[in-house]
Amino acid sequence: MFGLFKKSPEPVPSDEGSSQGWIARLKSGLGNSRQKLKAGLTGLFGGKLDDAWFDALEETLIAADVGVGTSRKLIEQLKREARSQNIDQAEALKPLLKAALVHLLRPLERPLDVSTHTPFVILFVGVNGAGKTTTIGKLAQHFLQGGRSVLLAAGDTFRAAAVAQLVAWGQRNQVPVITQEKGDSASVIFDAISAARSRGIDIVLADTAGRLPTQLHLMEEIRKVKRVVTKADPSAPHEILLVLDANTGQNALSQVRAFDDALNLTGLVVTKLDGTARGGVVAAIAGERPIPICFIGVGEAMEDLQAFNASDFVDALIE
Amino acid sequence: MLDQLTERLSGVIKTLRGQSRLTEANIQDALREVRVALLEADVALPVVKDFIQDVREQAVGQAVLTSLTPGQALVGIVHQALTRLMGSQGEGLNLATQPPAVILMAGLQGSGKTTSSGKLAKMLKEQQKKKVLLVSCDVYRPAAIEQLRVLAQSLEIDWFPSSAEQTPGAIATAALDHAKRHFHDVLIVDTAGRLAIDEAMMREIQQLHQTVHPIETLFVVDAMQGQDAVNTARAFSEALPLTGIILTKLDGDARGGAALSVRHVTQKPIKFIGVGEKLTGLEAFHPERMASRILGMGDVLSLIEEAHRTVDRAEAEKLANKIKKGLDFDLEDFKSQLVQMKKSGGLGAMMDKLPAQLTRGLPANATMDDRAINRIEGIINAMTPLERRRPELLKASRKRRIAAGSGVQVQEVNRLLNQFEQMQKMMKMMSKGGLAKMMRGMKGLMPGLH
């Protein structure tokens with residue numbers, strides 16, 4: 001993201017499985033974009049802090065989807081700090097930039113605690129193509145490895161073969177999938193919760209159809225899904241997660257706003273961070289609706305779905 | 001659709017209109033606003049820079065030459081530059097080859113390739129009477145093949161079976177052979193979503209391209225995509241000889257700046273835009289209309305075109321005749337209008353195409369959703385034919401009966417009758433040429449439109 005402070009390329013640590021491994025994966029996933037950015041900004045380095053340098057930094061932030069408003073706020077803050085600490089070299093500003101970003105993103109850290117209820121019901125919502133079903137598939141495996149039993153609810157009754165897609169994930173993970181021949185999202189998920197209760201299953205992962213916030217009837221439908229889930233279990237849904245594609249630009253904010261207004265989101269899942277997209281819109285979200293990020297997807301493999309750690313995230317981005 | 005960008009630019013231009021002359025300083029301010037608006041609309045930074053540079057150069061040289069007001073001159077320049085950036089003319093598909101004409105779909109995960117394949121097939125079948133074959137080479141995402149099969153079945157379009165055990169190349173070869181032997185005009189090859197930096201996957205689609213020799217290689221882009229659109233577009237266009245772009249999910253509230261970025265980087269035409277969750281929602285892309293729309297002109301032309309396609313001609317003519325003759329517009333007409341509105345993608349889709357200046361003035365209930373239309377239809381259905389023709393008959397007891405019959409409160413029946421009365425007035429105005437006057441008035445504001 002911010003190739004501004006780029007040093008020599010780092011060797012990829014070999015010890016997989018530790019958090020080191022994840023940073024390496026995240027970095028290697030992002031390496032490509034940093035490589036490109038570096039080329040355009042090399043000239044800025046080691047130089048003095050002046051308006052042109054801050055303009056370049058602003059552009060770099062904007063190019064990472066941080067957004068105009070948030071970028072300007074960050075830059076104002078950095079300028080103030082640079083003045084008060086008499087910093088006039090670009091390199092010396094690096095820790096300040098990192099600290100500012102970490103400060104912004106830290107409140108979004110929140111691991112998912114699924115032990116508070118049984119069955120623990122997680123509802124997944126989002127726009128079309130954000131990666132809801134794939135996320136559920138990966139999460140099922142994640143929870144299974146943590147020794148919990150999982151049940152999937154095929155609540156996307158709209159898109160062609162969405163049910164078949166979830167069933168395929170169910171087979172891959174050998175977990176039951178609740179489907180209905182005909183029926184709406186709400187009734188499928190209601191059934192799934194009842195089934196989970198009678199089978200003593202720990203976690204219900206409920207899929208829903210993709211919808212755009214402008215499709216008011218579909219936004220109304222998802223509210224109904226939530227109401228019906230609450231009828232199945234008064235404490236449920238225990239989590240309502242919005243799945244966000246990291247490729248999304250400033251519209252991500254409007255998605256967060258709309259889904260949060262409709263459902264009171266409890267968390268976000270940011271997918272597809274392994275591409276060249278930098279997901280900087282997360283910083284804008286943190287500024288406006290600090291909804292915690294429960295997971296980020298940094299690769300194709302199951303273990304590439306990771307808990308969000310602000311410091312690691314910023315490290316991987318501006319290293 | 002692009003309404004937020006539209007509004008933003010409308011605002012910029014309005015502040016400029018107040019100025020008496022175009023100076024270096026006030027171009028600077030306006031251009032800075034345009035820059036921010038474009039960035040907030042997710043137009044990629046390098047594209048924005050080029051654009052601003054372009055506009056500045058032209059503005060400084062031309063301002064003195066024109067007889068327009070300075071504001072109009074800058075609007076015209078911004079409009080022209082935007083149009084140029086998005087391509088100077090609308091282009092359809094090129095299918096002029098020995099059949100089957102192969103269309104290869106490419107793009108990131110979740111950009112809408114499979115849905116667009118279905119929409120494209122339907123369009124070719126219905127509007128161009130082509131015999132289309134659909135095939136999926138997505139052997140990675142679970143049930144991707146099944147998704148295309150279900151779509152093909154519901155559209156009654158031929159589908160070539162494939163399975164996740166096959167290689168994409170083998171599937172494509174077999175599908176091409178099948179299409180040749182069964183005299184299909186068009187073969188649409190859906191592919192797996194892939195990251196531009198995934199070298200193995202990019203090689204795979206290059207090989208696929210060599211296997212099927214597509215006449216059209218379409219890059220499918222999510223209108224919500226951010227700054228990175230410029231990078232993915234560059235990578236895809238370097239790997240594949242793209243021939244065009246499909247911009248999807250434009251019915252959302254994304255500002256759609258990705259359209260400009262992708263177009264700028266690939267220099268390939270945006271051939272279609274995807275709107276609506278239903279399989280009818282693929283529209284031709286018109287760069288000049290899009291530019292007008294971004295500038296606050298709205299997409300009135302494509303609204304008219306769409307209305308032509310979906311609206312029942314006979315019904316529309318009957319209504320037009322009635323208006324012309326000055327006959328009363330009754331509740332029966334009101335209902336058939338609502339039904340037609342639903343057919344053309346709902347009220348939201350219609351509102352999107354109107355200029356921001358017009359829609360901003362509308363009352364809040366103008367953005368009611370399609371469910372509200374259903375309710376109104378229900379209320380009218382609960383009336384007798386006589387009542388529909390002569391709404392003035394509706395007094396308290398009839399209203400109570402209608403409310404009970406349609407399961408709503410009496411107040412809602414009253415509200416409908418009020419709305420209907422307003423509509424009646426509007427119809428009378430229109431019959432006196434009010435709409436034409438309105439359009440002429442708008443034309444005067446925009447030098448780009450003739």
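# Close-up views of a predicted two-chain model

Among the contacts in chain B that link residues at least 6 apart in sequence, 75% join residues at least 24 apart. Welcome to the structure: this is a predicted model, and the legends below visit it one close-up at a time.

**View 1. Chain B is built from helices and strands.** Chain B holds 21 helices and 8 strands. Of its 450 residues, 52% count as buried. Keep the contact share in mind here as well: 75% of the contacts in chain B between residues at least 6 apart join residues at least 24 apart in sequence.

**View 2. Helices α7 and α8 of chain B pack side by side.** Two packed helices are described by the angle between their axes and the distance between the axes. Here the pair is helix α7, residues 168–181 of chain B, and helix α8, residues 199–212 of chain B; their axes come within 9 Å and cross at roughly 20°. An angle under 35 degrees counts as roughly parallel, so α7(B) is roughly parallel to α8(B). The crossing of α7(B) past α8(B) is right-handed. From α7(B), the contact draws on B:Pro168, B:Gly169, B:Ala172, B:Thr173 and B:Leu176, while α8(B) supplies B:Glu204, B:Leu208, B:Thr211 and B:Val212. Sorted by class, the contact of α7(B) with α8(B) has 5 nonpolar, 3 polar and 1 charged residues.

**View 3. Helices α7 and α8 of chain A also form a packed pair.** Look for helix α7 at residues 185–199 of chain A and helix α8 at residues 216–232 of chain A: they pack at an angle of about 25°, and their axes lie 9 Å apart. The two helices, α7(A) and α8(A), are therefore roughly parallel to each other. Their crossing, with α7(A) passing α8(A), is right-handed. On the α7(A) side you will find A:Ser185, A:Ala186, A:Ile189, A:Phe190, A:Ile193 and A:Arg197, and these meet A:Lys224, A:Val225, A:Val228, A:Val229, A:Lys231 and A:Ala232 of α8(A). By class, the contact of α7(A) with α8(A) is made up of 8 nonpolar, 1 polar and 3 charged residues.

**View 4. Helix α8 of chain A meets helix α9 at an oblique angle.** The axes of α8(A) and α9(A) come within 9 Å and cross at roughly 45°. That is why α8(A) and α9(A) count as oblique to each other. Their crossing is right-handed. A:Met219, A:Ile222, A:Arg223 and A:Lys226 are the α8(A) residues to look for, and they meet A:Ala258, A:Phe259, A:Ala262 and A:Leu263 in α9(A). The contact of α8(A) with α9(A) divides into 6 nonpolar, no polar and 2 charged residues.

View 5. In soluble globular proteins, nonpolar side chains tend to be buried together. In this model the largest nonpolar core has 100 residues, and A:Ile122 and A:Leu205 have the most contacts inside it. Helix α9 of chain A, residues 251–263, gives the most to this core, with 7 residues. Which residues surround A:Leu205, once its neighbours within four places in sequence are set aside? A:Leu205 is in contact with A:Ile122, A:Phe124, A:Ile136, A:Leu139, A:Ala140, A:Phe143, A:Val150, A:Leu151, A:Leu152 and A:Ala153. A second, separate core has 67 residues, including B:Met86, B:Leu108, B:Phe219 and B:Ala233.

View 6. In chain A, the bond between A:Ala236 and A:Pro237 is cis, with omega about -10°. A:Pro237 sits in the loop between α8 and β5 (239–245) of chain A. In chain B, the peptide bond from B:Pro99 to B:Pro100 is cis, and its omega is near 0°. You can find B:Pro100 in the loop between α4 (70–85) and β1 (101–107) of chain B.

**View 7. Two residues of chain A have a positive phi without being glycines.** A:Asn86 has a positive phi of about 55°, although it is not a glycine. To locate A:Asn86, follow the loop between α3 (68–84) and α4 (94–105) of chain A. Is A:Asn86 buried or exposed? A:Asn86 is exposed, with a relative accessible area of 68%. A:Gln174, again not a glycine, has a positive phi of about 55°. The loop that holds A:Gln174 runs between α6 (162–173) and β3 (177–178) of chain A. A:Gln174 counts as exposed, at 72% relative accessibility.

Conventions. Residues are numbered from 1 along each chain as its sequence is written. Chains are lettered from A and ligands numbered from 1 in the order in which they are written. This is a predicted model: local features need pLDDT of at least 70, side-chain atom pairs count only at pLDDT 80 or more; totals for chains, interfaces and linings use all residues. Side-chain values use heavy atoms; hydrogens and water are left out. Axes are lines fitted to C-alpha atoms, for helices over the stretch in contact, and angles run from 0 to 180 degrees between N-to-C directions. Helices (H or I, at least four residues) and strands (E, at least two) are DSSP runs, numbered from the N terminus. Angles under 35 degrees count as roughly parallel, over 145 as roughly antiparallel, 65 to 115 as roughly perpendicular and the rest as oblique. A crossing is left-handed if the near helix is turned anticlockwise from the far one by less than a right angle, and right-handed if clockwise. Contact means heavy atoms within 4.5 Å. Ala, Val, Leu, Ile, Met, Phe, Trp, Tyr, Cys and Pro count as nonpolar, Asp, Glu, Lys and Arg as charged, and the others, Gly among them, as polar. A nonpolar core is a set of buried Ala, Val, Leu, Ile, Met, Phe, Trp, Tyr and Cys residues joined through side-chain atoms within 4.5 Å. Buried means under 20% relative accessible area, exposed over 50%, partly exposed in between (1.4 Å probe, protein chains only).
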